[in-house]
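Please walk through the structure below with attention to its aromatic rings and to one of its helices.

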Amino acid sequence: MNYFRKNSGTGSNKQASTPIRMKIILGIIFVLFALLIGQLAYLQLAYGSRFKAEVAKTDSTVVSNQVPRGVMYDAKGRILVGNKANNAITYTKGASTSTKQIYNISNALSAYIRLNDEKPTSEQLAEYYLADQANSTRIQAKMPKSQLDTKKYSNSEIYQNEIAAVKKEKINFTDRQKTAALIFNKISGAYTLSTIYIKNKGLTDKEIAEVGEHLSDLPGVGIGTDWERSYPNGSSIQSIIGSVSTEKSGLPSDNLQYYLSQGYSRNDRVGTSYLEKEYESLLKGSKSTSEVITKANGDIQQTKTVYKGQAGSSLVLTIDAKYQKQLQSTLKRVYNSALASGAARYSSGAYAIAMNPKTGALLGVAGLSHNPKTNKTVDNALGVINQSFVMGSVVKGATVSGGLINNVITPTNNTLSDAAVYLPGSAVKKSVYPIGTFGSLDAPTALEVSSNIYMMHLAMKWVGAKYVPKQYISMPSNSFEILRRNFSMFGLGQKTGVDLPGEASGIEGKSFDSQGRLLSGSLLDLAYGNYDAYTPIQLVQYVSTIANGGYRMQPYIVQSVGRTGNNGKIYVNYNKKPNVQQRIPWTQSELNVVREGFYRVVHGTNGWGTAHPLKNVKPSISGKTGTAQTFYYDPDNPNRKNPPELINATFVGYAPSSNPKLAIAVVFPGLDPDMEGTYTLQVAKAMVQDYFKLHK
């Protein structure tokens, strides 16, 4: 008996098909794994070294660094301005340095150095504090949620809110934390792969040793050398030499784009005034270059020097440091005596300049600036090129020269009336001596006694004026042009071209009134130096032209350019050649008239001679004094009624009288007219004697 039903064939077929599907799936998986393993093996064998190199890959970048600026020497080879080497702690910023890394480096470095001459601002302290994530989180937790709203504020605005919150906390930072904050600020502001100075002044041996010992723990930090300007022969001429920007101030903002286009970095130090600025292209030298090798993660792996750089060119100046010191000392001494006597109460300062009349080389430049309000006096040698004054009778040599050159007078016929000039409706125009002292004067005597009257009559004859005393005067409309063109031949009223920036051209008075009428009285004042204003350097160029026989020489202060060797010797590759700007078209006999007058100003016998105190000075001096009327100008009360009446006292001269080797100009503006004294002559005497003692 059959109890079981027989299975159909269909059920038997389903059981048999299941293992086949599994085998197919497993087969596919096996093949894929085999392919993956094969690919990995292929990559390992074929490209393993390449991948390993990629992981260890480094980047190489060339960066440049500062070199010492060129040295400036005086005419005798003494250093006027050099470079003092200072040890420095440096930092070179990596390509991907994070804020956290900067924070850690700052904290670590602050354990070894102090920045005692700097104080962090509250902003810098707050930025440093927030660089620690824990501090940032704590501050954010205390802040109102509205101040952290990203929909309301940008990220930078939220950060400023955090800084404000830190300031409100009034956290007491330790001295070390303050140093760390300063370091953090310096590093944060550095450009990628640029080298900055963390500390370059007052670095102690202990600080150098401790930083050096821990350099491996201070990535990017190094020990190097920085340079700063030094003045081993004093700073009396520093206002002529000029100044250099600091690393902190960097490039001047007014010329930023120009310097950047010339390859400067923003924190480079450049000359910002006078010689340092005028000769920047030579003094800066060529920067050293270093190759900075960084790892793939941006950390600096190695720095090696590619080019050591070349220090700036050396400048040899025309000035003798010893003579310069003596000149500045003399000017201070005499000016202080004028202040002590009350004569210089309202004075704005005093100036003196010496020049080689044959070459134009400046031999000494001194200046003082005085503030009548505070009674403080400071060095201002640059005043000789950028301060303008009405100079008075010192310019009469140019007036007489013009009369001779234009045949208004001649070497044999130069006597003119010395009758005072009476213009209608104005006060009498006269000389310092009483009216009627002289009936007439020749040109040399007019210079000796400094006759204003002679110069006015000469000017009227020169321009063809029509004049009736107390009734009438008429002059051609180009009268001012005639006289000024003559003065400009000697350099008066125009820039001399000295190799210093900032030179003034002087101040030209008005030629016509508001109705267009010629100012006849002012033209007569111009003839004897009491109208237009000139600079002291223009005066010394003018008197040099008389001293050397008629060559207007361009003044200069840089004699040569070269380089300083390792042995300290100067190797010159450029020498300045004297430049004649104009030749005065006079004859020897015409020149002799002016020279005789200048000689008699000092050595004459007339009682009205003006520079007889210099008669016994050796070598012999020839020259001309000057006195110009002026008034005290109060910048705080420019419309002041009846301001104090003052005078500008001046002197120009040359020595020896027969073969001049030295030309000088001295200006004491703003003296009390009742206490003029002999201040300019005292300075002139010392200038001549001191120079020839040094140059026997």
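Tyr 691 is buried in this predicted model, because its relative accessible area is 10% and the cut-off for buried is under 20%. Tyr 691 belongs to helix H21, which covers residues 679-694. A search of the whole structure finds 16 aromatic pairs. In one of these, Tyr 691 pairs with Tyr 323 in an edge-to-face arrangement, with 5.4 Å from centre to centre and 75 degrees between the planes. The two tyrosines come from distant parts of the chain: Tyr 323 sits in helix H12 (residues 321-341), and 368 residues separate it from Tyr 691. Tyr 323 also counts as buried, since its relative accessibility is 1%.

Why is the pair of Phe 668 and Tyr 679 called stacked? The ring centres are 6.3 Å apart and the planes are at 15 degrees, and planes under 30 degrees apart count as stacked. Phe 668 is buried, because its relative accessibility is 0%. Tyr 679 is buried as well, with a relative accessible area of 11%.

Elsewhere, ring pairs join three residues into a cluster: Tyr 103, Tyr 128 and Phe 184.

Rings also meet charged side chains. The charged end of Lys 470 sits over the ring of Tyr 422, at 5.0 Å from the ring centre. Arg 563 lies over the face of Tyr 571, and here the distance to the ring centre is 4.9 Å.

The last stop is helix H18, which runs over residues 520-527. How many of the residues of H18 are buried? Eight of the eight are, so the helix is largely enclosed by the rest of the structure. The buried residues of H18 include Leu 523, Leu 524 and Leu 526, and also Asp 525. Ser 520, Gly 521, Ser 522 and Ala 527 are buried too.

What covers these buried residues of H18? Among the covering elements are three helices, namely H14 (396-405), H16 (452-463) and H17 (479-489). Strand S16 (472-474) and strand S17 (533-534) also belong to the cover. After H18 comes Gly 529, which has a positive phi, near 85 degrees.

Key:
Residues numbered from 1 in each chain as written. Predicted model: local features only at pLDDT ≥ 70, side-chain atom pairs only at ≥ 80, totals over all residues. Heavy atoms only, no water. Phe/Tyr/Trp six-rings, centres within 6.5 Å; stacked < 30°, edge-to-face > 60°. Helix = DSSP H or I, 4+ residues; strand = E, 2+ residues; numbered from the N terminus. Buried < 20%, exposed > 50% of the residue type's maximum accessible area, 1.4 Å probe, protein only. Lys NZ or Arg CZ within 6 Å of the ring centre and 35° of its normal. Contact = heavy atoms within 4.5 Å.
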